[in-house]
Amino acid sequence: MNKKINTLLFVLGATLFNIIITVIFFVGLLLLYAKFLLPLIPESGRAWGFPLIFIAAIALSFVIYRFVLNLLMKKIEVEKYFDPVFGGRRK
């Protein structure tokens, strides 16, 4: 496989990984909210839970995504296997 196909597959795989991690965090946080916090919050404040859980799931998935991406980039020689997406590196 050439560098362009490797890059395309990597971007698709990384995007799918990020979406899956976001969904997992969203469902997990939603279940925790429904089980533990929902009975403690008054009726007038319950509407804020869903948007906060959504934002928290995105933020947590971003942190995990960056961590995994940095680990992967330390193990793989990026210039050897992937084509630059937005042009070459500056020298």
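Trainee: Where is the place of Thr22?
Mentor: Thr22 lies in helix α1, residues 3–37; helices are DSSP runs of H or I, at least four residues, numbered from the N terminus. This is a predicted model, where local features need pLDDT of at least 70, side-chain atom pairs count only at pLDDT 80 or more, and totals for chains, interfaces and linings use all residues. Residues are numbered from 1 along each chain as its sequence is written, and side-chain values use heavy atoms, with hydrogens and water left out.

Trainee: What does Thr22 touch?
Mentor: Leaving out residues up to four places away in sequence, Thr22 touches Ala57, Ile58 and Ser61; contact means heavy atoms within 4.5 Å.

Trainee: Which side chain does Thr22 join in a polar contact?
Mentor: That of Ser61, at 2.9 Å. A polar contact is a pair of N or O atoms within 3.5 Å; within protein, one must be able to donate a hydrogen and the other to accept it, and residues adjacent in sequence count only if both atoms are side-chain atoms.

Trainee: Ile58 next: buried, exposed or partly exposed?
Mentor: Partly exposed, because its relative accessible area is 40%; buried means under 20%, exposed over 50%, partly exposed in between (1.4 Å probe, protein chains only). Ile58 is in helix α2.

Trainee: Which residues are buried in α2?
Mentor: Gly49, Ile53, Ala57, Ser61 and Leu69. Their cover includes α1.

Trainee: Where is confidence lowest in the protein chain?
Mentor: In helix α3 (residues 78–81), at a mean of 85, while α2 is highest, at 95. pLDDT is the predictor's confidence in each residue, from 0 to 100; the chain mean is 91.

Technical notes:
Helix = DSSP H or I, 4+ residues; strand = E, 2+ residues; numbered from the N terminus.
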